[in-house]
Amino acid sequence: MNQSVPNQSPPPVPLPPGPAQGCPLALDEILRLILEFADHASLVAAARNLMSSLGKADWARFRYYSSRIQSIGVGQTVKTDLPLDSAGLVQLFHGPSPLLPNIKTVSWRFNQNQNCMSILPFIGPQLEQLFLEMDEGIDDVAQSLLLQNLARRVSTLKFLRLISSGLAHHISTSLATLISSWPNLTRLELPPFFLTQEVVAATAQLPLLTWFTHSKWTKGAENYHESGTCFEFTPESFPQLSVLSFASLPIQMAGILQSTNHVGRLRLVVLDCPAYNSPQEIGNVFAALGSGAQGLDSVFLVCNPVPQLAASASKNSLSIDTIRPLFSCTRLGLFQLHAPHLSPLKDEDVFEMGKSWPAMCYLTLCPAPIVKQHSGVDFSILSSFARSFPNLRELRLFFGQEVPEFDGDLYPAYRFTKLETLGVGLSRIPKGKTRDIGFLLASLCQHPPLIEYGTNGAYRGDGISPRENADLMSVCPGIRSNMNLAFRIKSSFARNFDTAGSAAEFYEKGLSVIRPSN
């Protein structure tokens, strides 16, 4: 259990012995008291006499410590002997008042051996955040029963996160009823493919909802019932929505984004397309966003082709033409595209993106293709990115094996001013080219960026072999070492050159002396 407790003055009752090592006083004491009560309650004869065996001071101490608990978390990694189901007995003897009256946040992971009802005594009347994670061993009936009981326990909730691998149509009615009972919800996170007509209708009526997102998932669309993809609503739905995330097939997704008025108010969109039949389908999704959501700040898209296209480099690749409809969203500061492959960009493509997205700071363009035989961009294109996106903080690309020899110019005309991370994904970087890459990065950056490699949670491929991973692990330190060497050379040269002004003046004014501008 994790907890946070505010400072309060102790009540005028005797304090118990000190807590166990490493456990805060309030939670340690509340658990000890529950365990003591459970020991009494486990005996039938003792259970009948439990109330009489506890004095007023005992209950006063219990209520004092329980009132200090504001956050509680229970998961499979918790090492405790607490019989959670016995908390219900404590609640019974405790009376009608809440067991944890000031609890604000409850995070609970249910495993195969737990009774879902064990959480109920810990739900207080002031609860604002509830995070529920159901392991695969929890059946849909148990989940549905839990949701029904939660609806009657609290009405103040503002944030609900539900992680479940169950089937939406089995618990849809209970979930819709639960959502309807919490009109103060501002943030809702449901499993993907849980968007049944009942759930969407209930969610669309929430007057304060600003975040509507889906939790992470690793299964394909075939694992879910089709009733969970009915993400349809009237144009008047979601009056306050600014963040939207959902999983759907691209044809449905484009239709949803084109048919609703709320799209124009969105600032962040996270879209998950589990299967597309052609790159044009993804282009239509971007076209729908570009025509209706021009105020977007951030776009995140994960997409996979249908199995027939997955291994075809010529048919599954997206291109600059796929992305171009999104160029009308000129406020974009973050764009992440995770797809099987993006055809290598040309310099003019980068320049066009730069003109369209002047506020871009975080740019990810398919750094981890599913099919390794795809070609990547040349490292020299980083100069075009520095020219077009000088304020980039993070850039992730898939690079090819052709690395040009460094031309020796450590002070080019265009540089990244804020780059913090360069992601190379699953790029197969030649070991003999780390010096050229390191010096190129030093010439283009104000400060050494982090070199990031490998995949992330958005990757849907089969992963990389141990040998490929070992190659990446051996190459990236070489790039960093050479990059740092180049930065030391630049720093040393700046100190020698700077006889009157500062190093900053050298970088801004002395470049024309080192290399006359064209």
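Trainee: Is Phe335 buried or exposed?

Mentor: This is a predicted model, so the answer is a computed one. Burial is read from relative accessible area, and buried means under 20%. Phe335 counts as buried because its relative accessibility is 0%.

Trainee: How many residues of the protein count as buried, as a percentage?

Mentor: The protein has 518 residues, and 50% of them count as buried.

Trainee: Which secondary structure elements does the protein have, and how many?

Mentor: There are 19 helices and 14 strands. As for contacts, take those with a separation of 6 or more: residues 24 or more positions apart account for 81% of them.

Trainee: What describes a pair of aromatic rings?

Mentor: Two values do: the distance of the centres and the angle of the planes. In this structure there are nine aromatic pairs. One of them joins Phe335 and Trp357, with 5.4 Å from centre to centre and 55° between the planes, and it is tilted.

Trainee: Where do Phe335 and Trp357 lie?

Mentor: Phe335 is in strand S10 (residues 334-338), while Trp357 is in the loop between helix H14 (347-356) and strand S11 (362-365). The two parts are 22 residues apart in sequence, so the pair ties them together. Trp357, at 0% relative accessibility, counts as buried.

Trainee: Which residues do ring pairs link into a cluster?

Mentor: The cluster consists of Phe286, Phe327, Phe335 and Trp357.

Trainee: Which charged residues lie over a ring?

Mentor: Arg161 lies over the face of Phe131, 4.8 Å from the ring centre. Arg387 has its charged end over the ring of Phe351, at 5.1 Å from the centre.

Trainee: How many salt bridges does a search of the whole structure find?

Mentor: The search finds ten. For a salt bridge, a side-chain nitrogen of Lys or Arg must be within 4 Å of a carboxyl oxygen of Asp or Glu. Arg109 and Glu133 form one of them, with the closest N and O atoms 3.9 Å apart. This pair links distant parts of the chain, since Arg109 is in strand S2 (residues 105-110) and Glu133 in strand S3 (residues 129-134), 24 residues apart.

Trainee: How exposed are Arg109 and Glu133?

Mentor: Arg109 has a relative accessible area of 30% and is partly exposed. Glu133 also counts as partly exposed, at 28% relative accessibility.

Trainee: Which residues do salt bridges that share partners join into one network?

Mentor: That network holds Arg109, Glu133 and Asp135.

Technical notes
Residues numbered from 1 in each chain as written. Predicted model: local features only at pLDDT ≥ 70, side-chain atom pairs only at ≥ 80, totals over all residues. Heavy atoms only, no water. Helix = DSSP H or I, 4+ residues; strand = E, 2+ residues; numbered from the N terminus. Buried < 20%, exposed > 50% of the residue type's maximum accessible area, 1.4 Å probe, protein only. Phe/Tyr/Trp six-rings, centres within 6.5 Å; stacked < 30°, edge-to-face > 60°. Lys NZ or Arg CZ within 6 Å of the ring centre and 35° of its normal. Contact = heavy atoms within 4.5 Å.
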